[in-house]
Amino acid sequence: FLRTQEFAYITLATDVTTGSSIMPQKRNPDAAELVRAKAGRVIGALTSLLIVMKGLPLAYSKDMQEDKEAAFDALDALSLSLAAMTGMVRTLTVNEKAMRAAASRGFSTATDLADWLVRALNLPFRQAHHVTGALVARAEKKGIDLDGLSLDEMREVEPGITDEVYSVLGVDNSVASRTSFGGTSPENVRAAAKWWRDELGRESSR
């Protein structure tokens, strides 16, 4: 999906893809497809272990001799999958322009606008929803995004709107405004990435 011609969000490196037997331009994402299949194998191993263990009355029984094959097979599959995905992600190329364009389509900041109307103008959400819908219809008719509407055009729908509204419109502003725990703001993402790097560093040093 992410690398199809219709979306083209990413391009995979040639060393993690193979050519098609009939279409010379095609690059099959072998690593991703094999990892997807390995997930079924690991889930199968878990199911096998659960069934082996479910009937044990107490402590060790000879049944548990059968847990090793499934456990070791799952570990091998997981190790191979991690190596394959690490190589694939490390070498892929991101098409930022295409992803940014997709993120801004469909009036994705309409909810931000409705929330701002509630927060800044103290409108009931039902009314804010109605105002936002009217502004979306106006922008759609003109073939522009919400932040392309002038302040005067917005005030024709809701006179209380101020130029502060532009601070919540646009993809960058929308992403940056999510500052609560688990939010999408760049600061949050950088903090989460640092936490995981530190955590994985501690794990590898044990």
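Is Asn122 buried or exposed? I looked this up first: Asn122 is exposed, at 67% relative accessible area. My cut-offs are under 20% relative accessible area for buried, over 50% for exposed and partly exposed in between, with a 1.4 Å probe and protein chains only.

**Ground rules**

I am working from a predicted model, where local features need pLDDT of at least 70 and side-chain atom pairs count only at pLDDT 80 or more, while totals for chains, interfaces and linings use all residues. I number residues from 1 along each chain as its sequence is written, and side-chain values use heavy atoms, with hydrogens and water left out.

**Overall layout**

I found eight helices and four strands in the protein. These are DSSP runs numbered from the N terminus, with helices being H or I of at least four residues and strands E of at least two. Reading from the N terminus, I noted the order β-β-β-α-α-β-α-α-α-α-α-α.

The radius of gyration is 26 Å, well over the 17 Å that the globule rule gives for 206 residues, so the protein is more spread out than a compact globule. That radius is taken over C-alpha atoms, and the globule rule is 2.2 Å times the number of residues to the power 0.38. Along the principal axes, I get a box of roughly 80 × 55 × 35 Å for the C-alpha atoms.

I then checked burial and found that 26% of the 206 residues count as buried. The accessible surface comes to about 14400 Å², and carbon and sulfur atoms hold 59% of that. The areas come from the Shrake-Rupley method with a 1.4 Å probe, and for residues only the protein chains shown count as cover.

For contacts (heavy atoms within 4.5 Å), I took those with a separation of 6 or more, and 45% of them join residues 24 or more positions apart.

**Two positive phi values**

Back to Asn122: its phi is near 60°, a positive value in a residue other than glycine. I place Asn122 in the loop between α4 and α5 (125-142).

Phe107 also has a positive phi without being glycine, near 55°. This residue sits in the loop between α3 (96-104) and α4 (110-121).

A salt bridge here is a side-chain nitrogen of Lys or Arg within 4 Å of a carboxyl oxygen of Asp or Glu.

Glu158 lies in the loop between α6 (151-157) and α7 (171-177). A polar atom of its side chain is 2.9 Å from the backbone nitrogen of Gly160. Leaving aside neighbours within four places in sequence, I list Leu121, Leu123, Gln127 and Val131 as contacts of Glu158.

**Salt bridges**

Side chains of opposite charge can pair when their charged atoms come close. My search of the whole structure gave nine salt bridges.

I looked at Lys142 and Glu153, whose side chains meet in a salt bridge at 2.6 Å, N to O. Lys142 lies in helix α5 and Glu153 in helix α6, so the pair ties together parts that are 11 residues apart in sequence. Lys142 is partly exposed at 47% relative accessible area, whereas Glu153 counts as buried at 15%.

Lys68 pairs with Asp67, and their closest N and O atoms are 2.7 Å apart. I have Lys68 as partly exposed, at 40%, and Asp67 as buried, at 14%.

In helix α8 (residues 186-205), Glu199 and Arg202 lie three residues apart, about one turn of the helix. Their side chains form a salt bridge of 2.7 Å, N to O, and Arg202 is partly exposed with a relative accessible area of 40%. I also noted that Glu96, Arg100 and Asp172 are joined into one network by salt bridges that share partners.

How many residues apart in sequence are Arg36 and Ser81? I counted 45, with 8.8 Å between them in space, C-alpha to C-alpha. Arg36 is in helix α1 (residues 30-54), and at 62% relative accessibility I log Arg36 as exposed.

Terms used. A polar contact is a pair of N or O atoms within 3.5 Å; within protein, one must be able to donate a hydrogen and the other to accept it, and residues adjacent in sequence count only if both atoms are side-chain atoms.
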